[in-house]
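Please read them with the structure open.

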Amino acid sequence: MHRRSILDRVRSRSPWLLLSVLMVTVFATFSTLRFAALQGGAEELQALQRENQRLREVNRSFERSLQGLQTRLAEQESRTNELAIVAGIEHASQKVEGADASNQAGVGGTWSPHDQTPDLPDLENRARTLADSLETVSRGLTQRELRISARPALAPVRGVITSGYGERSDPITGGRGFHRGLDISAPPGNQVFATADGIVTRAGRNGNFGMTVYVAHGFGYSTRYAHLSTILVKPGARVKRGEVVGEVGRSGRATGYHVHYEVYDDGRSQNPLSYLLD
């Protein structure tokens with residue numbers, strides 16, 4: 001009787017026991033899943049944090065690269081401006097549309113750590129402007145170099161100036177006249193040099209000048225070398241400054257061995273002394 005009553009009590013309470021066991025099982029399962037989810041979430045959060053840190057480093061590196069590019073660009077702009085001055089170009093750069101004056105080529109400066117991060121499109125515009133400016137400056141420098149090469153700058157022969165440029169008494173007739181060049185006395189056979197780069201336009205005997213060489217140098221400059229004993233170039237020949245064109249003589253109307261040297265600028269006679277650098 002007593003045993004039955006115990007069994008009856010167990011049977012009567014078994015639904016509650018089953019429900020309790022089920023609840024414990026569900027809670028344990030939920031706790032396990034939540035713990036796993038939290039663990040997974042923590043790992044994912046750490047991964048996101050690491051990726052975010054990596055992106056920040058990439059961004060800082062990119063900013064440093066842009067800042068370095070801006071500094072180098074400013075240096076090149078300043079250098080281009082200096083070259084433009086050498087080339088004789090007052091306005092080598094064109095203002096970038098939509099950019100302020102500090103961003104046009106030819107303006108120097110360096111980046112400061114406190115400056116705002118440079119804008120990439122702005123740097124691209126400045127780079128394009130700088131490229132155009134460099135091309136303009138390059139052409140200007142080439143023209144400048146050609147002009148310098150074309151300007152008479154040397155004495156055609158080593159010797160003594162026996163007659164200068166301007167009014168004088170003719171050494172043969174004694175009459176007054178205008179002497180359009182320099183007479184430079186030198187031993188016979190001494191080399192006579194072209195005083196600038198150019199092209200020989202005439203080479204041969206020319207009346208009172210005797211054996212004469214004419215050289216056109218470009219940019220309006222031309223020179224004449226007269227009273228030579230020998231001509232060593234032909235018409236059409238290109239000569240460089242310092243290249244031998246003939247030898248000292250006394251051909252034509254001359255009283256002694258010398259070179260008669262003339263300089264013309266746009267067809268106008270010039271005093272050769274104004275062009276001699278040596």
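1. Which residue in S7 is the bridge partner of Arg205? The partner is Met211. This is a predicted model, so the points below should be read as such. S6 and S7 run antiparallel and are joined by six bridges. S6 covers residues 198–205, and S7 covers 211–218.

2. The S6–S7 hairpin has five residues between its strands. Gly207 in this hairpin takes a positive phi near 55 degrees. Asn208 is also in the loop between S6 and S7. Asn208 is exposed, because its relative accessible area is 54% and the cut-off is over 50%. Beyond its sequence neighbours within four places, Asn208 contacts His227, Ser251, Gly252 and Arg253. His227 is 19 residues from Asn208 along the chain, with a C-alpha separation of 8.4 Å.

3. S6 also pairs with S9. The two strands run antiparallel, with two bridges between them. Gly198 has Val239 as its bridge partner in S9. S9 is made up of residues 238–239.

4. Is Val239 buried or exposed? Val239 is buried, at 2% relative accessibility. Leaving out residues within four places in sequence, Val239 contacts Ala194, Ala196, Asp197, Gly198, Val200, Val215, Val233 and Val245. The C-alpha atoms of Val239 and Thr195 are 9.5 Å apart, and the two residues are separated by 44 positions along the chain.

5. Now the core. The largest nonpolar core holds 22 residues. Val192, Val213, Tyr225, Val233, Val239 and Val245 have the most contacts inside it. The elements that supply two or more residues to this core are S4 (182–185), S7, S8 (221–231), S10 (244–248) and S11. S8 gives the most, with four residues. Val233 illustrates the packing: apart from residues up to four places away, Val233 touches Val200, Ala203, Val213, Val239, Val244 and Val245.

6. His217 deserves a look. His217 sits in S7 and is buried, with a relative accessible area of 7%. The His217 side chain reaches the backbone oxygen of Asp197 at 2.8 Å. A second polar contact, of 2.7 Å, joins the His217 side chain to that of Thr223. Not counting residues up to four places away in sequence, His217 touches Ala150, Pro152, Ala196, Asp197, Gly198, Ser222, Thr223 and Tyr225.

7. How many salt bridges does the structure hold? There are two. Side chains of opposite charge can pair when their charged atoms come close. One of the bridges joins the side chains of Lys240 and Asp197, at 3.1 Å from N to O. Lys240 is in the loop between S9 and S10, and Asp197 is in the loop between S5 (191–193) and S6, so the pair ties together parts 43 residues apart in sequence. Asp197 counts as buried, because its relative accessibility is 17% and the cut-off is under 20%.

8. More on Glu262. Glu262 belongs to S11, residues 258–265. Glu262 has a relative accessible area of 3%. The Glu262 side chain makes a polar contact of 2.6 Å with the side chain of His260. Leaving aside neighbours within four places in sequence, the contacts of Glu262 are Arg180, Gly181, Phe209, Ser222, Thr223, Arg224 and Pro272. Thr223 is also the residue whose side chain meets that of His217 in a polar contact of 2.7 Å.

9. Val239 is the bridge partner of Gly198. Val239 is also among the residues with the most contacts inside the largest nonpolar core.

Note on methods: Residues are numbered from 1 along each chain as its sequence is written. This is a predicted model: local features need pLDDT of at least 70, side-chain atom pairs count only at pLDDT 80 or more; totals for chains, interfaces and linings use all residues. Side-chain values use heavy atoms; hydrogens and water are left out. Buried means under 20% relative accessible area, exposed over 50%, partly exposed in between (1.4 Å probe, protein chains only). A polar contact is a pair of N or O atoms within 3.5 Å; within protein, one must be able to donate a hydrogen and the other to accept it, and residues adjacent in sequence count only if both atoms are side-chain atoms. Contact means heavy atoms within 4.5 Å. A nonpolar core is a set of buried Ala, Val, Leu, Ile, Met, Phe, Trp, Tyr and Cys residues joined through side-chain atoms within 4.5 Å. A salt bridge is a side-chain nitrogen of Lys or Arg within 4 Å of a carboxyl oxygen of Asp or Glu. Two strands pair if DSSP finds at least two bridges between them.
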